[in-house]
Amino acid sequence: MHTPQTAQTEVNLMPNLYEADFYGWTKEQANLLRHHQWNQLDLPNLIEEIESLGRKERQELRNRLSILIGHLLKWEYQPKQRSRSWLATIRVQRREILKLLNENPSLKPYVEEALPESYQNGRDLASGETNLRLSTFPKQCLYPFEEILSDRFYPGQPATDDLME
C-alpha cells in the first residue's frame with residue numbers, strides 16, 4: 001500500500017528510473033495513468049516523451065518522402081537501370097506515406113515544410129546510389145506533392161510493361 005511518504009519517495013525515484021530503465025519507466029507511467037495516480041506521474045519526462053512522439057511522426061514522414069523522392073529521381077535519370085526493386089520501393093513508400101497522413105491528419109500541413117528538406121535528402125540518395133553528379137538533379141523539387149504520391153506518376157520515359165506488371 002502506498003503511503004504519502006512512499007509515494008513521495010517513488011516520485012523522487014522516477015527520473016532515475018527514466019534514465020536507468022526507460023521501458024520500466026513507461027510501464028510505471030502507464031500504470032499510474034491507468035489508476036489515476038496523477039500526483040505520482042513523472043510529468044517533466046512524460047511531457048518530453050509525448051512531444052517526442054510527435055517529432056518522430058514528422059521525422060518518419062520526412063524519411064519516407066526522402067526515400068520516395070530519391071527513387072523517383074533514380075527512375076527518371078537512369079531509365080536503363082530501372083528494376084522491380086525500385087518500383088517496389090516507390091510503391092511501398094507511397095502507401096506508407098498515405099497511411100501515415102491518414103493516421104495523422106494534422107501532419108498534412110507539415111508536408112509543405114518537409115518537402116524541400118526531403119527533396120534534398122532524396123537528391124543526395126539518388127546521387128549516391130546512381131554515381132551521377134549531384135548537379136545532374138535539379139536543385140529544387142520539380143514534382144508536385146500530389147504527383148509524388150500518385151500511383152500513376154513515374155517521371156521520365158515510360159517504363160516497359162514487363163517491369164510495371
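Leaving aside neighbours within four places in sequence, which residues is Lys74 in contact with? They are Trp86, Ala126, Glu129 and Thr130, where contact means heavy atoms within 4.5 Å.

Welcome to this structure, which is a predicted model: local features need pLDDT of at least 70, side-chain atom pairs count only at pLDDT 80 or more, and totals for chains, interfaces and linings use all residues. Residues are numbered from 1 along each chain as its sequence is written, and side-chain values use heavy atoms, with hydrogens and water left out.

**The overall picture**

- The protein has seven helices and zero strands; helices (H or I, at least four residues) and strands (E, at least two) are DSSP runs, numbered from the N terminus.
- Followed along the sequence, the pattern reads α-α-α-α-α-α-α.
- Of the 165 residues in the protein, 35% are buried; buried means under 20% relative accessible area, exposed means over 50%, and partly exposed lies in between, with a 1.4 Å probe and protein chains only.
- Among contacts with a separation of 6 or more, 65% join residues 24 or more positions apart.

**Helix 3 beside helix 4**

- Helix 3 covers residues 43-77 and helix 4 covers residues 84-103; their axes come within 9 Å and cross at roughly 150°.
- Axes here are lines fitted to C-alpha atoms, for helices over the stretch in contact, and angles run from 0 to 180 degrees between N-to-C directions.
- Helix 3 and helix 4 are therefore roughly antiparallel to each other; angles over 145 degrees count as roughly antiparallel, under 35 as roughly parallel, 65 to 115 as roughly perpendicular and the rest as oblique.
- The crossing of these two helices is left-handed, a word used if the near helix is turned anticlockwise from the far one by less than a right angle, with clockwise being right-handed.
- On the helix 3 side, the residues that meet helix 4 include Glu57, Leu61, Leu68 and Trp75, while the helix 4 side includes Trp86, Ile90, Ile97 and Leu101.
- Sorted by class, the contact of helix 3 with helix 4 has twelve nonpolar, three polar and six charged residues; Ala, Val, Leu, Ile, Met, Phe, Trp, Tyr, Cys and Pro count as nonpolar, Asp, Glu, Lys and Arg as charged, and the others, Gly among them, as polar.
- Lys74, from the opening question, is found in helix 3 and is buried, with a relative accessible area of 4%.

**Helix 2 against helix 3**

- Helix 2 (residues 22-34) packs with helix 3 at an angle of about 100°, and their axes are 12 Å apart.
- Helix 2 and helix 3 are therefore roughly perpendicular to each other.
- Phe22, Trp25 and Gln29 of helix 2 make the contact with Asn45, Leu46 and Glu49 of helix 3.
- By class, this contact has three nonpolar, two polar and one charged residues.
- Trp25 lies in helix 2 and is buried, at 2% relative accessible area.
- Although Trp25 and Leu46 are 21 residues apart in sequence, their C-alpha atoms are 9.7 Å apart in space.

**The nonpolar cores**

- In soluble globular proteins, nonpolar side chains tend to be buried together.
- The largest nonpolar core here has 27 residues, and Leu101 and Ile148 have the most contacts inside it; such a core is a set of buried Ala, Val, Leu, Ile, Met, Phe, Trp, Tyr and Cys residues joined through side-chain atoms within 4.5 Å.
- Helix 3, helix 4, helix 5 (111-130) and helix 6 (145-149) each supply at least two residues of this core, and the largest share, seven residues, comes from helix 3.
- Apart from neighbours within four places in sequence, Leu101 is in contact with Leu61, Leu107, Lys108, Val111, Phe145 and Leu149.
- A second, separate core of five residues includes Tyr18, Leu32, Leu41 and Leu46.

**Residues in the loops**

- His36 is in the loop between helix 2 and helix 3, and it has a positive phi of about 55° although it is not a glycine.
- His36 is exposed, with a relative accessible area of 52%.
- Asn131 sits in the loop between helix 5 and helix 6; its phi is near 65°, a positive value in a residue other than glycine.
- At 70% relative accessibility, Asn131 is exposed.
- Arg82 belongs to the loop between helix 3 and helix 4, and at 12% relative accessibility Arg82 is buried.
- The C-alpha atoms of Arg82 and His71 are separated by 9.7 Å, with the two residues eleven apart along the chain.
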